[in-house]
Amino acid sequence: MRKVFQEELTLVGDQLVEISKLVSEAIGKATTSFEVADVDLAQDVIAADARIDFLQNSLDERAIDILALQGPVASDLRMIVGSLRMSASLERMGDLARHIAQLARLRFPSNVIPASMTETFKSFAELDQLIADKLTVLLETRDLEVARDILKANSAINDLHLSVFRAIAGSDWQESPSTTVDVALASRYFERFADHGVSVAQKVTYLVTGAWQPNGLDHA
């Protein structure tokens, strides 16, 4: 019975990694479609989100079955409950990648953002991709140095998000109302993607250390 239990736990971990890889692929395609107004690539992201949703539901059903049938305690219980919460964050990251792709599709053949924002959103894309890629490594290795890298990237994204809102509130902002809304929404999507990545990183840290630190991974 214990062997079956451990096999089930391993499958839950493997499913988290699989979802994380799909999220990483989704944000990569979404940001490319956003940057170059590629409607076909945007549509790929939108269609592929169903696979992330399916895997999340499958993982959650497996985790609930383990809770009901195996009665896990201590670290195993933390693993199952943590996996349920991490799968929700990963699924939301997939949704946010889809939202970015939907903006690209909506404004095709034009770009979503004005030229003045190109470099800012290129940095957003690079940092979100870094977070997504590192999440997969973190889930595979539970290396807390990787978790700290995610937190640092999120801090940089927060700075970018603030700079966007300062720009659109500035007296020299001359873009149309629709463009202003698009820029604000896009910035929010990129920023929230990173926030959910941090949430996953914090839960992995909790699984490793047993200590919950909601405001950061450490104070070093």
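How are H5 and H6 oriented to each other, roughly parallel or roughly antiparallel? H5 and H6 are roughly antiparallel to each other, a term for angles over 145 degrees, where under 35 is roughly parallel, 65 to 115 roughly perpendicular and the rest oblique.

## Basis of the model

This is a predicted model, in which local features need pLDDT of at least 70 and side-chain atom pairs count only at pLDDT 80 or more, while totals for chains, interfaces and linings use all residues. Residues are numbered from 1 along each chain as its sequence is written, and side-chain values use heavy atoms, with hydrogens and water left out.

## Overall fold

The chain has 6 helices and 0 strands, and along the sequence the pattern is α-α-α-α-α-α. The radius of gyration of the chain is 19 Å, close to the 17 Å that the globule rule gives for 220 residues, so the chain is as compact as a globular protein of that length. Helices (H or I, at least four residues) and strands (E, at least two) are DSSP runs, numbered from the N terminus. The radius of gyration is taken over C-alpha atoms, and the globule rule is 2.2 Å times the number of residues to the power 0.38.

Taken along the principal axes, the C-alpha atoms of the chain fill a box of roughly 65 × 40 × 20 Å.

## Helix packing

Two packed helices are described by the angle between their axes and the distance between the axes. Here axes are lines fitted to C-alpha atoms, for helices over the stretch in contact, and angles run from 0 to 180 degrees between N-to-C directions. The axes of H2 (residues 39-70) and H3 come within 9 Å and cross at roughly 165 degrees, which makes H2 roughly antiparallel to H3. H2 passes H3 in a left-handed crossing, meaning that the near helix is turned anticlockwise from the far one by less than a right angle (right-handed if clockwise). The residues of the contact of H2 with H3 divide into 18 nonpolar, 6 polar and 7 charged. In this count Ala, Val, Leu, Ile, Met, Phe, Trp, Tyr, Cys and Pro are nonpolar, Asp, Glu, Lys and Arg are charged, and the others, Gly among them, are polar.

H4 and H5 pack at an angle of about 160 degrees with their axes 9 Å apart, which makes H4 roughly antiparallel to H5. The crossing of H4 and H5 is left-handed. For H5 (residues 144-168) and H6, the axes come within 9 Å and cross at roughly 160 degrees. The crossing of H5 and H6 is left-handed, and the residues of their contact divide into 15 nonpolar, 8 polar and 3 charged.

## Loops

Most residues other than glycine have a negative phi, and most peptide bonds are trans. Ala37, in the loop between H1 and H2, has a positive phi near 55 degrees. A cis peptide bond with omega of about 10 degrees joins Phe108 and Pro109, and Pro109 lies in the loop between H3 and H4.

## The largest pocket

About 240 Å³ of space lies in the largest pocket. A pocket is an open set of points on a 1 Å grid over the protein atoms alone, where a 1.4 Å probe fits, with protein on both sides within 12 Å along at least five of seven lines; lining residues have an atom within 4 Å of a point. Grid points are joined across faces, edges and corners, and a volume is the space filled by probe spheres set on the points.

The largest pocket is lined by 15 residues, and Leu9, Gly13, Met79, Leu139 and Arg142 lie nearest its centre. The lining residues divide into 9 nonpolar, 3 polar and 3 charged. H1 (2-36), H3 (74-107), H4 (118-141) and H6 (177-209) each supply at least two residues of this lining, and the largest share, 7 residues, comes from H1.
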